[in-house]
Amino acid sequence: MFLHEQLKDNMNNNNYFSIQDIAQIGLMVAVIEVSKAALAFLPNIELTSFWLIMFTLYFGWKIIVVVPVFILLEGSIYGMNLWWIMYLYIWPLLVLIAWLFRKNTSAFLWAIISGIFGLCFGALCSIPYIVIGFSTGGFVSGLRAGFVWWIAGIPWDFIHCGGNFILMLVLYKPISLAMSKMGLKQL
């Protein structure tokens, strides 16, 4: 069942969100935000990708609410700038990828997916620069602006890739076990 169908079924079966749904969504956003703040001193090492994948796997449709709440909270805390626009499509893309591979339980595969996402993060972030360059100087100028911005950040993308890969590889099994002990099953 697709995420939007699960959300629709949930809304039809009980008055939109139960108190438990709201509490779980709030806790998921808090876990992501606290983890992000705790690792802020390490450049491009983050648990946001890890938690968004894990929450997609174990909480299904609720992630559709978690992502926009997280993005709005980030914008409220740090101010809305160009990076915030990037978050509007980057994190939903990761959730979509996790949803597509949700049946897989291999820590190694999830580490690869998370690592590739970290490696591609800079390329994904270059999209607004392509649009800005295009709007001021045409197609070639847009591509040049996005490409230059992406290339300048590649060393950080490698760090992001390695961090995501290692964190997922190390944490996937223990967190999956903890989720199972709480009575949750991977979708």
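The sulfur of C125 lies 11 Å from the closest cysteine sulfur, that of C120, which is too far for a bond, and C125 itself is buried, with a relative accessible area of 5% (buried denoting under 20% relative accessible area, exposed over 50%, and partly exposed the range in between, with a 1.4 Å probe and protein chains only). The model is a predicted one, in which local features need pLDDT of at least 70 and side-chain atom pairs count only at pLDDT 80 or more, whereas totals for chains, interfaces and linings use all residues. Residues are numbered from 1 along each chain as its sequence is written, and side-chain values use heavy atoms, with hydrogens and water left out. For C161, the closest cysteine sulfur is again in C120, at 8.6 Å, too far for a bond. A search of the whole structure accordingly returns 0 disulfides, a disulfide being a pair of cysteine sulfur atoms within 2.5 Å.

Helix α3 covers residues 48-59, where helices (H or I, at least four residues) and strands (E, at least two) are DSSP runs numbered from the N terminus. The 12 residues of α3 should span 16 Å at 1.5 Å a residue, and the end C-alpha atoms are 16 Å apart, in agreement with that value; the expected span is 1.5 Å times one less than the number of residues. Because 12 of the 12 residues of α3 are buried, the helix is largely enclosed by the rest of the structure. Among these buried residues are the aromatic side chains of F50, W51, F55, Y58 and F59. The buried residues of α3 pack against α2 (19-38), α4 (63-78), α5 (82-100), α6 (107-125) and α9, contact meaning heavy atoms within 4.5 Å. After α3 comes G60, with a positive phi near 55 degrees.

Helix α9 comprises residues 154-181 and includes both H160 and V170. H160 counts as buried, at 4% relative accessibility, and, when residues up to four places away in sequence are not counted, touches N44, E46, S49, G118 and F121. V170, by contrast, counts as exposed, at 54% relative accessibility. Together with F108, I166 and L169, V170 forms a nonpolar patch on the surface, with about 390 Å² of accessible area in total, and helix α9 gives the most to this patch, with 3 residues. Patches are made of residues with over 30% relative accessible area and no salt bridge, like charges being joined within 9 Å and nonpolar side chains (Val, Leu, Ile, Met, Phe, Trp, Tyr) within 5 Å; a salt bridge is a side-chain nitrogen of Lys or Arg within 4 Å of a carboxyl oxygen of Asp or Glu. Accessible areas come from the Shrake-Rupley method with a 1.4 Å probe, and for residues only the protein chains shown count as cover.
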